[in-house]
Amino acid sequence: MFDNLTEKFQRTFKTLRGEAKLTENNIDFAMHEIRVALLEADVNFKVVKEFIDRVRTKCLGAEVMTALSPAQQVIAFVRDELIATLGDKEARIVYSKNPPSVFLIVGLQGSGKTTSTGKLAGWLMKNGHRPLLLSVDVYRPAAREQLAVVARDVNAKLYPGEGVNEPLKLAKAALREASLTGYDVLLVDTAGRLHVDEALMQELSMLKRELNPSEILFVADAMTGQDAVKSAAEFHELLGISGVLLTKLDGDARGGAALSIRAVTGQPIKFVGVGEKLDALEQFYPDRMVSRLLGMGDVLSLIEKAQETFDLKQAERLQEKLRKDEFSLADFRDQIQQMRKMGPLDKILGMLPQIGPMKDLKKANLDERELVRTEAIINSMTERERNHHQIINGQRRKRIARGSGTTVNQVNQVLKQYAQMRKMMKSVSGGLMGGKIPRNLSQFLPKN
Amino acid sequence: MIPAGQDATEKKKSGFFSRLKNAVAKTRDVLNTPVEEIFTLKKAIDKSTLESLEMALLGADIGPATTSHLIEKIRDQASRQGLKDAAEVKSLIRNELLKVVRGETAHPVSLTQKPHVIIIVGVNGVGKTTTIGKLANQFRRDGRSVKICAADTFRAAAVEQLEIWGQRAGVEIVRQKHGADPSAVLFDALKASKAAHTDVVIVDTAGRLHTKHNLMQELEKMRRIAAREVEGAPHEVLLVIDAVTGQNGVQQAREFTKSAGVTGIVLTKLDGTAKGGVVVAIAKELNIPIQFVGVGEKIDDLIPFDAEEFVDSLFE
């Protein structure tokens, strides 16, 4: 059983590595594996077929490049084609020339529109805008209350529209309010609806005509399967969506819907939701998503995150220590504290390439509380122990366990993790800390 | 013969199958494979028959593994028994699917214990709260006393949403303030239900991704609390799966079964164009029965799962 598309790709390419050149035979094998991987990832079967056809054609017509192994050649073609499908650069958010701009948030029930509307408001405010929020979901019980709570949580202004139960009336009133009071973006959270529900789809048409939105964002659940193409195509045909907001990407869903939706609507994915907290919204970078699919890890996002949180001086000190191989348990503790500042651990680990020593790190299944325990254990060590881990013998381990309220076993585990961390930090220090991103594809292929 | 035929027609009329047909007929099917054609034509089985069949299964979210397993079976049988035409292929694949998917006639089951405790679990946005409203209404209609435990103390306005459904169904909600410990709300609800001799307690839980370790542990804790307070509880743990869910549904079922001990599945939002085929893969791996399907937003839009109708709808 494969954990994810990334691993599947890697296995495929590992098998191909021994081969000297691309032949019809090994191309067939690779295409079959990629097809299954994409289907497992919930990419629509027609989209998969077209994708595979294009990659196969490229592979067959490929000139023999002595510099690249067949595996590297195929991975390069797959990568190019994925980028071609997802778009080669990040999409821009469109505002209207005469504020307020209106963003219409649409989608199926349960895709995450209300939460995303709140997150978008936060994102807009962080980028210097003044959004006004409006819910026109007059159908689902407590939907408007939900947006009100979400708005309060991100400190955004909500247009309450009390006593009004018609979406169009609400929209007109809120738009007037926004223009009069100087809000530059009106975020309109609409009711979830099935694309086969004619009456409700007509309502969206009317809202569009009335509000003339600069963005119509289709909110789609990353866990969506084959049906993604149908709902997205229907919404797009009726409304002409301007972009996609892909939610719940923090789970283990492979998110093949992203590829499907992009393929049938031609519209870019603009945002991704990566958690339940209201700041867990990120702009979508296709190249990073592709890198992630191919096992190169989302190193760029990680660096950005790291830059947001890492103390630069400390990072420099750390780099120096890594170079001199002086990474101590005290540094390990600092790292843990830094990491906890960056956000939930599973999210950070998900951004790392799933190869080499880092693969084991993910399997270690660290959770937040384990970090707290680890900190406690290191705190129970003496200064000398922290700087010279070699001296920690059985006797000392017992004492540390007692002091931190843990077991010797757990202390051993921390020491083992520390050793792993040393190894890992050494291997990424070139990329992460030095700001140098290796460009040669071969560096990302499994080494064993 | 004739009455049986009439029966079948009537059953179809009331089932989600026909509702589904109506719903789908309205929409222009953007990427539709003419699957039905391959079965209606009395033509010999060839590579293209199997290919269209494969597309139909994949398109219904049955997944590549289960699909290739089924196709292999057909290919095997076709060469060994000499299947003559597409109709035979259809009945063969139908039988294979029916072996995997079983419906369990919904209504619970003997309510031997009072209160009968049902915990509803699932990832975010699948329709747990709506399902609870519909389920509570069914029990009320059958003359049972019901309490709903509002243990989703996390999502904004979740309790308010539940209260409106409670009013519609005429059922009391046991709640605490936003952010309270879900297990504490559960404890309250069970205590109140025991005192009032309530027949059924339906427990709403916050939507959670199955990858969130801590949140899954919270479900384990709720199970423990239920077991401690009421003998044999939870008597049912229903996993709600959205019909649009792709292969990730299998992972959801796996993880929720591990932590919460899922006893049955509710497949929601079948009134769209999604077929919900992932439950086939789930049933195949975990052998969990599908109990109900949700086919709309009205309070009576929750109906018992019918395996035959479901399997037929996969080829619509």
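Predicted model: local features only at pLDDT ≥ 70, side-chain atom pairs only at ≥ 80, totals over all residues.
Residues are numbered from 1 along each chain as its sequence is written, chains are lettered from A in the order in which they are written, and side-chain values use heavy atoms, leaving out hydrogens and water.

Let's start with the big picture. Chain B has 13 helices and eight strands, which are DSSP runs (helices H or I, at least four residues; strands E, at least two) numbered from the N terminus. Of its 316 residues, 56% count as buried, meaning under 20% relative accessible area with a 1.4 Å probe, protein chains only.

Now find two helices in chain B: α7 (residues 128-141) and α8 (residues 158-169). They pack at an angle of about 20 degrees, with their axes 9 Å apart; axes are lines fitted to C-alpha atoms over the stretch in contact, and angles run from 0 to 180 degrees between N-to-C directions. That makes α7(B) roughly parallel to α8(B), a label for angles under 35 degrees.

Finally, look for B:His210, in the loop between β4 (200-205) and α10 (213-229) of chain B. Is B:His210 buried or exposed? At 4% relative accessibility, B:His210 counts as buried. Leaving aside neighbours within four places in sequence, B:His210 has contacts including B:Val123, B:Met216 and B:Phe256, plus A:Asp252 from chain A.

How values were computed. Parallel < 35°, antiparallel > 145°, perpendicular 65-115°, else oblique. Buried < 20%, exposed > 50% of the residue type's maximum accessible area, 1.4 Å probe, protein only. Contact = heavy atoms within 4.5 Å.
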